[in-house]
Amino acid sequence: MTAERLTDVRSMIPSISDTTYLDSAGAGLPPLSVTSAMRSFIDDWSKHGEQWDQWLEEVVELRRLFGQLIGGAGSEVGVVPSVSVGLAGVASSLDLRKRKKVVTSSLNFPTNVVLWQRMREAGLLKDVKVMKGTAGVVPLNEWEKAIDEETAVVAVDYVSWFSGYREKIRDIAGIAHRHGALILVDGFHGIGVFPIDAKRDGIDALFGGFYKWLCGPHGAACVWVREDVLPGLNPSYTGWLGIRDNVIERLRQKRDVFDVPFPLDRAPPAQDAARFEWGTWASVVVRGAIEAVKFAQDYDPASRYQVITKRREELTSGLEKLGKELLTPAGDNQGSGIVTFAQKNHKELVKKLASEKVEVSGRFDHVRVSPHFYNTSEEVQTLLDALSRASVQ
Ligand SMILES: Cc1ncc(COP(=O)(O)O)c(C=O)c1O
């Protein structure tokens with residue numbers, strides 16, 4: 001990305017000049033296009049009340065745009081309130097009569113582990129294998145050992161929220177499929193960071209929200225399910241928007257959305273990924289999420305990732321020079337936007353940095369730094385300088 005292009009991005013993000021913000025894995029900074037779209041939604045709503053048909057069309061548009069971002073079609077995408085809700089919806093759709101085992105990883109965000117543990121506790125699953133890994137990596141041969149003919153699902157995060165380790169998704173998908181298991185991937189820390197082609201990666205279902213690397217609002221996420229996998233995933237729970245002949249289908253057929261009553265004696269799931277959308281959307285959030293995807297699409301994903309990679313490398317070498325113990329695996333890690341180092345008293349350090357207007361995230365004896373494509377080398381240096389001044393053990 002050229003220097004001009006970078007200046008251009010920064011000029012669209014008002015909050016960027018106030019702080020050295022290096023916590024995009026926590027929440028990205030919203031560009032003006034996102035906040036003004038949401039503001040104009042509120043203005044219209046306040047003047048005219050509900051604009052139902054238009055808001056439903058925007059859900060369809062968000063499905064399409066999210067699909068484009070990860071190499072899928074809009075019909076394969078459902079818009080849901082959060083990644084956790086999306087995962088639970090797909091989990092409720094699994095046929096667990098023959099296979100009752102899930103293989104997951106301790107590197108995952110908690111939802112993608114506790115969801116499966118809860119299902120085991122509820123008697124829906126027999127076995128949940130949580131891969132432990134060493135030095136922040138679960139090697140492929142461990143996946144190979146754990147996944148077998150009993151496995152219904154391999155549940156893995158594309159990038160670890162904690163260490164930033166980027167899984168070898170295509171290889172894990174290959175192992176899962178050889179054993180007849182599905183692979184469900186939480187892509188929250190991948191989407192918007194590096195280019196993703198879910199089909200090429202062999203992913204069966206991919207989940208992602210907007211408020212981190214896509215710089216959008218909280219309160220919406222997307223579920224993508226590969227077209228040929230969709231018919232086999234029938235949710236155990238639904239709502240009026242998840243069934244066949246739902247209001248969006250009616251609207252798209254240019255019908256009155258209430259032209260015929262909804263059936264009460266059956267509930268066939270929608271043919272497309274709308275089967276995972278059960279109730280009314282937070283339309284203001286959908287409006288912001290659309291702009292967030294457009295913002296991401298305005299910059300070539302490969303060159304965004306080049307900038308992120310550069311920042312990560314500057315950060316890694318700077319932290320090493322400061323003698324920090326890196327928890328982000330080096331070597332066999334294709335890399336992401338996250339760099340983590342060990343830090344006792346992490347709270348004290350994060351507070352000290354915040355007092356110098358440097359924002360990173362600290363938790364469980366470590367500090368996570370996550371530069372985005374809108375961050376500069378100077379900002380990385382500002383953090384490194386602040387760290388070298390901070391005398392926290
Ligand atoms: C990888 C990952 N997945 C999911 C979540 C939570 O998403 P949601 O609150 O939308 O369920 C987070 C939040 O930090 C995360 O890091």
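Helices α10 and α12 are roughly parallel to each other. That's how they come out in this model, which is a predicted one. The label follows from the angle: α10 and α12 (residues 377-389) pack at about 20°, and angles under 35 degrees count as roughly parallel, so the pair qualifies. Their axes lie 10 Å apart, and the crossing of α10 past α12 is right-handed. On the α10 side the contact is made by Arg311, Glu314, Leu315, Gly318 and Leu319; α12 brings Ser377, Val380, Leu383, Leu384 and Leu387. Sorted by type, the residues of this contact come to 6 nonpolar, 2 polar and 2 charged.

As for β11 and β12 (residues 366-369), 3 bridges join them in the antiparallel sense. Within that pairing, Arg363 sits opposite His366 in β12.

Asp23 and Arg368 form a salt bridge, with their closest N and O atoms 3.8 Å apart. Asp23 belongs to the loop between β1 (20-21) and α2 (32-48), while Arg368 is in strand β12, so this pair ties together parts that are 345 residues apart in sequence. Searching the whole structure turns up 24 salt bridges.

Next comes another helix pair, α3 (residues 52-70) and α9 (residues 283-297). Their axes come within 9 Å and cross at roughly 30°, so α3 and α9 also get the description roughly parallel. The crossing of α3 and α9 is left-handed. From α3, the residues in contact are Gln54, Trp55, Glu58, Val59, Glu61, Leu62, Leu65, Gln68 and Leu69. Facing them from α9 are Ser283, Val286, Arg287, Ala289, Ile290, Val293, Lys294, Ala296 and Gln297. The residues of the α3 and α9 contact split into 10 nonpolar, 4 polar and 4 charged.

Reading across gives β2-β8-β7-β6-β5-β3-β4, and the pairing is mixed. At the edges are β2 (77-80) and β4 (127-131), each pairing on one side only. Neighbouring strands of the 7-stranded sheet are turned by 15° against each other on average, again with direction ignored. Strand β3 (residues 101-105) runs parallel to β4, and 5 bridges join the two. Here Val103 stands opposite Lys129 in β4.

Two helices go with these strands. Helix α5 (residues 111-121) packs on the sheet and touches β3, β4, β5 (151-157) and β6, and the direction of α5 makes about 155° with that of β4. Helix α4 (residues 83-91) lies across β2, β6 (182-186), β7 (205-209) and β8 (221-225). Compared with β7, α4 runs at about 160°.

Definitions and conventions. Residues numbered from 1 in each chain as written. Predicted model: local features only at pLDDT ≥ 70, side-chain atom pairs only at ≥ 80, totals over all residues. Heavy atoms only, no water. Pairing = 2+ DSSP bridges. Helix = DSSP H or I, 4+ residues; strand = E, 2+ residues; numbered from the N terminus. Axes fitted to C-alpha atoms, helices over the stretch in contact; angles between N-to-C directions. Parallel < 35°, antiparallel > 145°, perpendicular 65-115°, else oblique. Left-handed = near helix turned anticlockwise from the far one by under 90°. Contact = heavy atoms within 4.5 Å. Nonpolar A, V, L, I, M, F, W, Y, C, P; charged D, E, K, R; others polar. Salt bridge = Lys/Arg side-chain N within 4 Å of Asp/Glu carboxyl O.
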